[in-house]
There are 2 protein chains.
Amino acid sequence: MRTVRAEIAYDGSRFFGWQRQDGFHSVQAAVENGLAALHDQVVLIHGSGRTDTGVHALRQVAHWQTDTRLDDGRLRLALNAHLEDGVVVRRLETCRPDFHARFDARAKRYLYVVSTALFRPPFGAQYVHWVPRALDLTNMRAAANVLVGEHDFAAFGNTPTVRRASTVRNVHGIRWIVRRERFALVVQGNGFLYNMVRNIAGTLIDVGIGKLTVDDVRGALLSGRREETGMCAPAGGLYLLRALYGERLFGGRDRGPHGVPGTFQD
Amino acid sequence: MRTVRAEIAYDGSRFFGWQRQDGFHSVQAAVENGLAALHDQVVLIHGSGRTDTGVHALRQVAHWQTDTRLDDGRLRLALNAHLEDGVVVRRLETCRPDFHARFDARAKRYLYVVSTALFRPPFGAQYVHWVPRALDLTNMRAAANVLVGEHDFAAFGNTPTVRRASTVRNVHGIRWIVRRERFALVVQGNGFLYNMVRNIAGTLIDVGIGKLTVDDVRGALLSGRREETGMCAPAGGLYLLRALYGERLFGGRDRGPHGVPGTFQD
């Protein structure tokens with residue numbers, strides 16, 4: 001028996017989110033089905049965290065136990081041959097036996113992609129958020145900088161009726177990368193509240209179109225009031241770039257992957 | 001009453017081809033429905049030609065008559081506002097009253113996109129043909145050159161039981177453009193037989209993987225036998241780049257559009 005760690009890319013528009021749920025077609029179930037076909041027995045996998053319906057991933061990390069005699073390279077090939085369209089294992093390696101994709105994750109890095117094209121993109125509308133407006137990049141960058149560091153992000157989370165858990169998170173870095181009419185937001189933090197990245201994206205877009213100011217964002221961060229921030233930007237623009245396990249720091253140049261128009265990965 | 005000419009982009013994976021057919025959702029019907037909503041009356045449009053289910057277009061040309069009081073710019077905006085996801089009017093202008101998108105077309109230019117990535121592209125699998133093989137570009141280019149000029153392309157058409165019409169066509173130019181693992185075939189001709197571009201793409205790919213030789217392609221062109229050429233490559237990799245009306249020559253640099261990963265348009 002050994003533990004393997006895999007990096008998995010998926011097209012969120014084809015699945016009802018990462019997590020296995022009865023009656024819904026999830027990424028986790030798709031991978032577990034592929035493993036079951038390969039191993040002739042049930043295999044459960046553990047992801048670094050959930051992603052919602054419509055949210056994509058370039059390097060979601062998952063681990064599982066296996067007693068297969070296939071080496072890592074062959075296991076990856078065989079598993080990919082059993083996976084359906086829209087999900088692929090990009091990397092797979094045997095790791096230390098006690099590695100845990102969720103509990104060992106130190107940080108997450110996300111990407112949010114906006115198209116400011118005059119017309120709705122005819123191709124891949126499910127991969128970007130279309131905002132046919134002029135965006136003020138200077139203000140969007142200033143507002144993004146306000147969020148860097150350890151803060152109470154209550155204003156950027158969902159709104160639970162009872163707040164049980166801490167809403168303090170540490171955002172390691174945020175930046176906007178612009179190429180022609182594509183605006184890509186890359187954000188890394190030690191963890192994110194539910195919908196936090198989409199709320200940040202929506203808020204920064206509101207700053208870009210002049211609906212909110214940089215001071216409004218500063219004020220919302222202090223007040224913790226969700227109603228002072230912008231809309232929750234749609235799921236299709238969001239990508240989990242990777243879960244980080246201490247082996248990498250924020251700052252490497254994110255390059256555009258094939259197939260995700262004008263977006264960036266590491 | 002005036003005649004307008006429009007350049008229309010669409011995601012072929014969302015439609016049952018260009019042409020209106022009862023019971024199927026076509027691009028033509030989508031545009032006509034948008035125009036009907038706008039004009040409060042039936043408007044029929046004429047495209048430069050059909051595209052099959054799954055085949056995309058970057059600049060399909062169509063014309064129609066209208067008595068709207070909107071100028072061209074406002075008409076384009078209003079029409080786009082009435083169109084569903086996956087189809088957009090990129091350009092619209094009043095043209096000479098007797099312009100006909102089909103009868104006046106002098107040439108067509110197509111693009112065929114192949115991905116040779118090791119793994120199936122997780123995003124946008126409906127926009128490329130995945131061939132995880134090493135392709136011999138030198139041979140593919142040599143075989144492509146064989147096809148340039150006026151030839152009987154019977155071996156690259158469908159196989160009608162009775163040949164009524166001429167299968168002679170003039171291919172103005174073909175070229176392969178390669179960027180990392182993307183191979184893009186651009187081909188222009190005065191007209192194409194049914195499935196001809198997809199048959200050319202499939203045949204050149206077979207040359208690329210060594211299943212056919214350049215001489216085989218030369219032989220098939222002479223024999224006119226469909227069984228001597230390669231498979232019909234899948235529809236998802238094919239894009240109608242534009243219909244040409246004498247105003248442009250082959251040779252301009254094709255640039256990559258947003259949203260079609262690694263592909264090229266003019």
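## A guided tour of two chains

Start by selecting both chains and the place where they meet: 25 residues from chain B and 25 residues from chain A make the contact, where two residues are in contact if their C-beta atoms, placed from the backbone, lie within 7 Å. This is a predicted model, in which local features need pLDDT of at least 70, side-chain atom pairs count only at pLDDT 80 or more, and totals for chains, interfaces and linings use all residues. Residues are numbered from 1 along each chain as its sequence is written, while chains are lettered from A and ligands numbered from 1 in the order in which they are written.

Now colour the side of chain B that touches chain A. There, β1 (2-10) and β4 (87-95) of chain B each supply at least two residues; strands here are DSSP runs of E with at least two residues, and helices are runs of H or I with at least four, numbered from the N terminus. The largest share, three residues, comes from β4(B). By class, this side of chain B has 13 nonpolar, six polar and six charged residues (Ala, Val, Leu, Ile, Met, Phe, Trp, Tyr, Cys and Pro count as nonpolar, Asp, Glu, Lys and Arg as charged, and the others, Gly among them, as polar).

How do the copies meet? They meet through the same surface, because 100% of the interface residues of chain B are also interface residues in chain A.

Next, stay with chain A and colour domain 1 (2-95) and domain 2 (107-244), whose bounds come from an automatic or database domain assignment. Their C-alpha centres lie 28 Å apart. Where they touch, 15 residues of domain 1 of chain A are in contact with 10 residues of domain 2 of chain A. The domain 1 side of chain A here divides into four nonpolar, nine polar and two charged residues.

Then select strand β7 (149-152) of chain A and strand β8 (168-179) of chain A, which pair in the antiparallel sense over four bridges; two strands pair if DSSP finds at least two bridges between them. Look for Asp152(A), whose bridge partner in β8(A) is Val168(A).
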